Amino acid sequence: MIIHDFIPQGTVVLMLNHLKQVALHQAENKMTTANLAVCFGPIFVPPQHSADQEKETEASSMRLHIETIKYLLDIWPQEFNTNNNIVI
């Protein structure tokens, strides 16, 4: 699953812009890109649950979602112009 299956592209851009601004103030708020990814990774890319899925597989899937959001926040520009076209 990828992000745009769940959330409209414009919403993703606005949220990443906001979270990047939060991360830029990590000295005051302690919210690093890693901390933000832990909070928002499962929301942006919810894990798929199945009846026979083991907890270890589910945890591994959740970790991948968190790492993906952290990576996006790490490479996201400080001020992304929302008029630009971006494909997510």
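Student: Buried means under 20% relative accessible area, exposed over 50%, and partly exposed in between (1.4 Å probe, protein chains only). Which of these is M15?

Tutor: M15 is partly exposed, with a relative accessible area of 26%. Please note that this is a predicted model: local features need pLDDT of at least 70, side-chain atom pairs count only at pLDDT 80 or more, and totals for chains, interfaces and linings use all residues. Residues are numbered from 1 along each chain as its sequence is written, and side-chain values use heavy atoms, with hydrogens and water left out.

Student: Thanks! Where is M15, and what does M15 touch?

Tutor: M15 is in helix α1. Setting aside neighbours within four places in sequence, M15 is in contact (heavy atoms within 4.5 Å) with F40 and F44. The C-alpha atoms of M15 and F40 are 9.8 Å apart, and the two residues are 25 apart in sequence.

Student: What share of the contacts comes from residues 24 or more positions apart?

Tutor: They account for 73% of the contacts in the chain with a separation of 6 or more.

Student: Back to α1. How do α1 and α3 cross?

Tutor: The axes of α1 (residues 9–24) and α3 (residues 33–44) come within 10 Å and cross at roughly 155 degrees. Axes are lines fitted to C-alpha atoms, for helices over the stretch in contact, and angles run from 0 to 180 degrees between N-to-C directions. The two helices are therefore roughly antiparallel to each other; that label is for angles over 145 degrees, while under 35 is roughly parallel, 65 to 115 roughly perpendicular and the rest oblique.

Student: Which residues meet there?

Tutor: From α1 there are M15, L16, L19, V22 and A23, and they meet T33, L36, F40 and F44 of α3. These residues divide into eight nonpolar, one polar and no charged. Ala, Val, Leu, Ile, Met, Phe, Trp, Tyr, Cys and Pro count as nonpolar, Asp, Glu, Lys and Arg as charged, and the others, Gly among them, as polar.

Student: Is V22 buried or exposed?

Tutor: V22 is buried, at a relative accessible area of 19%. Not counting residues up to four places away in sequence, V22 touches N29, M31 and L36. V22 and T32 are 10 residues apart along the chain, with their C-alpha atoms separated by 8.2 Å.

Student: What about I7, where is that?

Tutor: I7 is in the segment before α1, and I7 is buried, with a relative accessible area of 15%. Beyond residues up to four places away in sequence, I7 touches V12, I43 and F44.

Student: One last thing: what is the phi of K30?

Tutor: K30 has a positive phi of about 60 degrees, although it is not a glycine. Most residues other than glycine have a negative phi. K30 is in the loop between α2 (26–29) and α3, and K30 counts as exposed, at 57% relative accessibility.

Notes:
Helix = DSSP H or I, 4+ residues; strand = E, 2+ residues; numbered from the N terminus.
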